[in-house]
Amino acid sequence: MPKVTRADAVSAARNPLAFIAERWTPDPRTVRRAALAALVMAVVIVVTGGAVRLTGSGLGCPTWPKCTDDSLTATRAMGVHGYIEFGNRMLTYVLCAAVGWAIIAARSEKPYRRSLTKLGWAQFWVVMGNAVLGGIVVLVGLNPYTVAAHFLLSTALIAVATVMWQRTREGDTEPRPLVGTAVRQLVWFLVATTALLIAVGTVVTGAGPHAGDSSEVARIPLNWENVTRLHAVLAWIVVTLTFALWFVLKAVDAPRVPLNRTRDLFLILLAQGLVGYVQYFTDLPEVLVGAHMLGSCLVWIATLRVLLALRERPAAEVDMPEPAVETPVAARA
């Protein structure tokens, strides 16, 4: 084992990230995998949070940060709902570990990329903020407005994680647009409409029958079926915009990557729409509602990937000195 001196211990205590970075240089694939792990865990925490609500376990742990006033963890007397809710809380630590790994890997990469490390720290602070908001959700008895905010903050986390994952495969040079201004504006409108679609989806949830607890929980005072119809209209607008974007990209002879990502988004939207209509006409079975929440995350990621595919940021070229050519002795004679 390497000998750790007192100076090493002091250095590690003062700035552990710098201490690790001085002694470890991760492979670029390791950095990409770390960013992907953070993104996957951001989606997992959304899906498991949905499972908490759909199983009526939202108040399985009736207080926060402890599970009960007398216990930090779930107890046998609390039944399965307590274990489900407490399990979801524990997954927050797994998410923190994944984000921490992404931060360490980004900080240790050579050359050091401050922009990548900032994206990792942005995820960390969003996770911390959402953990506090999750506690507030429990303390206010699953108020639907706080539940909606909790989901939207998770959506913001997925956005930052997606951008970081993309940036691990790019350089830090100025982005070069691959399409014209009109196409970029169309995609930004698609992103904004998708964000609105997700926001209205949280209103559907807040007004709908799945309150997250077996007891009486306040709902958003709106007719959830009318809000669902608005949600469906927005979904069709997003589908139409995606379909139109694909034709526009073909017309302007855009590179293959934006075309492929637009195609992927269109297919995900069709699958999500199918799940949405089936769950609506089958009285919202819990399994399909959970699948729809997963689909919401995938739609958001696919939409952002279309946006990020409209430009490229190649790695900066490093000028390497040419090797010196030694003159043969016979030529110097």
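**Exercise 1.** Determine whether aspartate 27 is buried, partly exposed or exposed, and identify its salt-bridge partner.

*Solution.* Aspartate 27 has a relative accessible area of 35%, and it is therefore partly exposed, given that buried means under 20% relative accessible area, exposed over 50%, and partly exposed in between (1.4 Å probe, protein chains only). The model is a predicted one, in which local features need pLDDT of at least 70 and side-chain atom pairs count only at pLDDT 80 or more, while totals for chains, interfaces and linings use all residues. Residues are numbered from 1 along each chain as its sequence is written, and side-chain values use heavy atoms, with hydrogens and water left out. The partner is arginine 29, whose closest N and O atoms with aspartate 27 are 3.2 Å apart; a salt bridge requires a side-chain nitrogen of Lys or Arg within 4 Å of a carboxyl oxygen of Asp or Glu. Arginine 29 is likewise partly exposed, at 48%.

**Exercise 2.** Characterise the salt bridge between aspartate 172 and arginine 113.

*Solution.* The closest N and O atoms of this pair are 3.1 Å apart. Aspartate 172 lies in the loop between helix H6 (144-167) and strand S1 (176-177), and arginine 113 in the loop between helix H4 (79-108) and helix H5 (114-139), so the pair ties together parts that are 59 residues apart in sequence; helices (H or I, at least four residues) and strands (E, at least two) are DSSP runs, numbered from the N terminus. Aspartate 172 is partly exposed at 41%, whereas arginine 113 is buried at 8%. Both belong to a salt-bridge network that also links Arg167, Glu170 and Arg311.
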